[in-house]
Amino acid sequence: MKLEEIFEEWDKDCSINKSELGTESLDRPVLHNKYLKIMTIESVKLRQLKADYDTMNNLRAEWYMGRMSEEKLKSLAWEPNPLRIMKDDLGRHIKSDKFLIKVSLQIGEQEELISHLASIIDQINKRGWDIKNCLEWLKFTNGG
């Protein structure tokens, strides 16, 4: 799921209908379940992205140091590295590697998505308090 899609979903789900506070209170577990499922799926995707990054990091290190076999190069459709980087210089090249940067940016986006979902779930958990406060306010304004 994309971050924009989660924004749109939460825009629909975040409001509390003041005239249906009982229903809103009962809908809390449904909302919690909905966003917890999404967060679980997205957390699995994050773990996969991190594993992909580790694998790619290892492959790129082999490539930079010229240790990759011809078969492996062909299977990845990579050209042989003409430079043969020394181990001391490897970190600098790895940090600026376009393949690794791409995966790293995906990881960052996924972490941001999960952080936003955690915030939504926290807000849903506090929703009972918001509904209670709304009921208290209605009692107060109606002279009760």
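Reply: The account below starts with the basis of the model, turns to the aromatic rings, and then considers several other residues.

This is a predicted model, in which local features need a pLDDT of at least 70, side-chain atom pairs count only at pLDDT 80 or more, and totals for chains, interfaces and linings use all residues. Residues are numbered from 1 along each chain as its sequence is written, and side-chain values use heavy atoms, with hydrogens and water left out.

The pLDDT is the predictor's confidence in each residue, on a scale from 0 to 100. The protein averages 93, and 99% of the residues score at least 70. Confidence is highest in helix α5, with a mean of 97, and lowest in helix α6 (residues 127-141), with a mean of 89. The helices named here are DSSP runs, numbered from the N terminus (helices: H or I, at least four residues; strands: E, at least two).

A pair of aromatic rings is described by the distance of the centres and the angle of the planes. Rings of Phe, Tyr and Trp (its six-membered ring) are paired if their centres lie within 6.5 Å; planes under 30 degrees apart count as stacked, over 60 as edge-to-face, and the rest as tilted. How many aromatic pairs does a search of the whole structure find? The search finds four.

One of these joins Trp-10 and Tyr-35; their ring centres are 5.5 Å apart and their planes stand at 90°, so the pair is edge-to-face. Trp-10 belongs to helix α1 (residues 3-13) and Tyr-35 to helix α2, so that distant parts of the chain, 25 residues apart, are linked. Both Trp-10 and Tyr-35 are buried, a term for residues with under 20% relative accessible area, whereas exposed stands for over 50% and partly exposed for values in between (1.4 Å probe, protein chains only).

Trp-78 and Phe-99 form a tilted pair, with 5.4 Å from centre to centre and 35° between the planes. This pair too links distant parts of the chain, 21 residues apart: Trp-78 is in the loop between α3 (70-76) and α4 (87-95), and Phe-99 is in helix α5 (residues 98-125). Trp-78 counts as buried because its relative accessibility is 11%. Phe-99, at 29%, counts as partly exposed.

Trp-78 also has a charged neighbour: Arg-60 lies over its face, 4.5 Å from the ring centre. Arg-60 lies over the face of Trp-63 as well, at 4.2 Å from that ring centre. A charge sits over a ring if NZ of Lys or CZ of Arg is within 6 Å of the ring centre and within 35 degrees of the ring normal.

Ala-77 lies in the loop between α3 and α4 and has a positive phi of about 60° although it is not a glycine. With a relative accessible area of 66%, Ala-77 is exposed. Arg-84 is placed in the loop between α3 and α4, and its phi, near 55°, is likewise positive in a residue other than glycine.

Attention now passes to the helices. Ile-107 lies in helix α5 and is buried, with a relative accessible area of 11%. Leaving aside residues up to four places away in sequence, Ile-107 touches Leu-46, Leu-49, Lys-50 and Tyr-53, where contact means heavy atoms within 4.5 Å.

Glu-24 is found in helix α2 (residues 21-64) and counts as buried, at 14% relative accessibility. A polar atom of the Glu-24 side chain lies 3.2 Å from the backbone nitrogen of Asn-17. With residues up to four places away in sequence not counted, Glu-24 touches Ser-15, Ile-16, Asn-17, Arg-127 and Ile-131.

Finally, the cysteines may be considered. A disulfide is taken here as a pair of cysteine sulfur atoms within 2.5 Å, and by this rule the count comes to zero. Cys-14 is in no disulfide, and the nearest cysteine sulfur, that of Cys-134, is 14 Å away. That distance is too far for a bond. Cys-14 is partly exposed, with a relative accessible area of 35%, whereas Cys-134 is buried, at 16%.

Definitions and conventions: A polar contact is a pair of N or O atoms within 3.5 Å; within protein, one must be able to donate a hydrogen and the other to accept it, and residues adjacent in sequence count only if both atoms are side-chain atoms.
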